[in-house]
Amino acid sequence: MSRDGIVEPIPLNVKTGKSGIGHEALLKRKAEEKLESYRRKIHMKKQVEERAAEQFRMRLKNKQDEMKLEGDLRRSQRACQQLDTQKNIQVPREAWYWLRLEEETEEEEEEEKEQDEDEYKSEDLSVLEKLQILTSYLREEHLYCIWCGTAYEDKEDLSSNCPGPTSADHD
C-alpha cells in the first residue's frame, strides 16, 4: 500500500436554499466585480478632482501673471510719459505708450480711432507684446530699465549693468 489517498473524508455540504450549484460562487464574483467597479469609479473621481484642482491653480497663476504684466505695463507707461515729457515730447509715439487720462472725451477717442485705422490697432496687441515694445522703446530712446528703475548713461552702461530686457532677467 502506498498511502497516497485522502486521509480526511469529503465534507458534506447541506444546501438549505433553492439555488443551484455554483450560485454562491456567482454571487461572490458579482460582489467582487461590483467592488472593483466602485474602486475604479472612486479612482476616476479622484483623478477628475485632482485635474480640476490643477486647472484652478493654473488659472489662478495665469491671472496673477496677467495682473503682474498689467502692473509692469502701467509702470512703463508712467515712466515713458515722464521721460518723454522731460525730453519735451508732447505726443507719444503710439497712443498706448502713455497712460490714458480718464477725462478723455468720446470725441477724442473717435478721432484717435479714425487716425489709427491705417495703423495696426493697439487692441490687437497683448499686454505682454505691449510691454515688450514699450520696454525696448524705453531702453533704446531713454536708456531706461523699469525693473532696475535706472536711467543709464549710455548703451554700454545699460548693457553691462542691466541684467536684461525682461522681468525674468531681473529675478
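User: Let's start with Leu143. Why is Leu143 called buried?

Analyst: Leu143 has 15% relative accessibility, so it counts as buried, the cut-off being under 20%. Bear in mind that this is a predicted model. Leu143 is found in the loop between α3 and β1 (144–145).

User: On to the rings. How many aromatic pairs does the structure hold?

Analyst: The structure holds two. In one of them, the rings of Trp96 and Tyr97 have centres 4.8 Å apart and planes at 70°, so that pair is edge-to-face. The cut-offs behind this are centres within 6.5 Å and, for edge-to-face, planes over 60 degrees apart. Trp96 and Tyr97 are both buried.

User: Why is the pair of Tyr97 and Tyr137 called tilted?

Analyst: Look at the angle: the planes of Tyr97 and Tyr137 are 55° apart, with 4.9 Å centre to centre. Stacked needs under 30 degrees and edge-to-face needs over 60, so an angle in between counts as tilted. Both Tyr97 and Tyr137 are buried.

User: What makes the pair of Tyr97 and Tyr137 a link between distant parts of the chain?

Analyst: The two residues are 40 apart: Tyr97 sits in the loop between α1 and α2 (106–116), while Tyr137 belongs to helix α3.

User: Last one, the second largest pocket. Which residues lie nearest its centre, and how many line it?

Analyst: There are 13 lining residues, and Leu69, Leu128, Leu131, Thr166 and Ser167 lie nearest the centre. Two or more lining residues come from each of α1 (23–86) and α3 (127–141). The volume of this second largest pocket is about 260 Å³.

User: How does the lining of the second largest pocket split by class?

Analyst: Six of the lining residues are nonpolar, four polar and three charged. Leucine counts as nonpolar, and Leu69, Leu128 and Leu131 are among the residues nearest the centre of the second largest pocket.

Terms used: Residues numbered from 1 in each chain as written. Predicted model: local features only at pLDDT ≥ 70, side-chain atom pairs only at ≥ 80, totals over all residues. Heavy atoms only, no water. 1 Å grid on protein atoms, 1.4 Å probe; cavity = no way out; pocket = protein on both sides within 12 Å on 5 of 7 lines; lining within 4 Å. Points joined across faces, edges and corners; volume = space filled by probe spheres on them. Helix = DSSP H or I, 4+ residues; strand = E, 2+ residues; numbered from the N terminus. Phe/Tyr/Trp six-rings, centres within 6.5 Å; stacked < 30°, edge-to-face > 60°. Buried < 20%, exposed > 50% of the residue type's maximum accessible area, 1.4 Å probe, protein only.
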